[in-house]
Amino acid sequence: MANPRAGEVALILDGRRHVMKLSLGALAELEESLGADSIAALVARLEGGAVSARDVMALIVAGLRGGGWPGRAADLVAAEIEGGPVEAARLAALLVARAFGEIG
């Protein structure tokens, strides 16, 4: 079960439940993959309202990796996220909110 107080968010990937979390290592990977030079720049980018599919994918990968998933972005290209792209975007936003203090 995902623990919102620990910043966790549940995601169903190919019919299997995974827990996502933005650990420090996952945030570092996310900064690198999105070309952000700081956490503040990363958050500003994500709160700017122009989040791309690439941003959502990077957030999902970082969250999954922070939750212990051993995969990479390439593994998600053919994977099915339950609820589709809209649910993936919602969960990515929830992941960011929980990582930075909103339980939601």
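Which residues in the largest nonpolar core touch the most other members?

Modeller: Happy to. Please keep in mind that this is a predicted model. The largest nonpolar core has 29 residues, and the members that touch the most others are L22 and I60. Two or more residues of this core come from each of β1, α1 (24-34), α2 (39-47), α3 (53-66) and α5 (84-99). Among these, α3 gives the most, with seven residues.

Let's begin with L22. Beyond its neighbours within four places in sequence, L22 is in contact with L27, L30, L59, A62, G63, L95, V96 and A99.

Next comes α3 itself. This helix has 14 residues, and from its first C-alpha to its last it reaches 20 Å, close to the 20 Å expected at 1.5 Å a residue. Its buried residues are D55, V56, A58, L59, I60, V61, A62, G63 and L64. As a background note on helices, residues three or four places apart point the same way, because an α-helix has 3.6 residues a turn. The partners that the buried residues of α3 pack against are β1, β2 (16-20), α1, α2, α4 (73-76) and α5. After α3 comes G68, which has a positive phi, near 105 degrees.

L76 counts as buried because its relative accessibility is 6%, and the cut-off for buried is under 20%. Setting aside residues up to four places away in sequence, L76 touches L13, M57, I60, V61, L64 and W69.

E8 lies in the segment before β1 (9-13). E8 is buried, yet it has no salt bridge. The nearest side chain of opposite charge belongs to K21, 4.7 Å away, whereas a salt bridge needs the two groups within 4 Å. The side chain of E8 does reach the backbone nitrogen of N3, at 2.8 Å. Apart from its neighbours within four places in sequence, E8 is in contact with M1, A2, N3, V19, M20, K21 and R98.

Technical notes
Residues are numbered from 1 along each chain as its sequence is written. This is a predicted model: local features need pLDDT of at least 70, side-chain atom pairs count only at pLDDT 80 or more; totals for chains, interfaces and linings use all residues. Side-chain values use heavy atoms; hydrogens and water are left out. Helices (H or I, at least four residues) and strands (E, at least two) are DSSP runs, numbered from the N terminus. Buried means under 20% relative accessible area, exposed over 50%, partly exposed in between (1.4 Å probe, protein chains only). Lys and Arg count as positive and Asp and Glu as negative; His and the chain ends are not counted. A polar contact is a pair of N or O atoms within 3.5 Å; within protein, one must be able to donate a hydrogen and the other to accept it, and residues adjacent in sequence count only if both atoms are side-chain atoms. Contact means heavy atoms within 4.5 Å. A nonpolar core is a set of buried Ala, Val, Leu, Ile, Met, Phe, Trp, Tyr and Cys residues joined through side-chain atoms within 4.5 Å. The expected span of a helix is 1.5 Å times one less than its number of residues.
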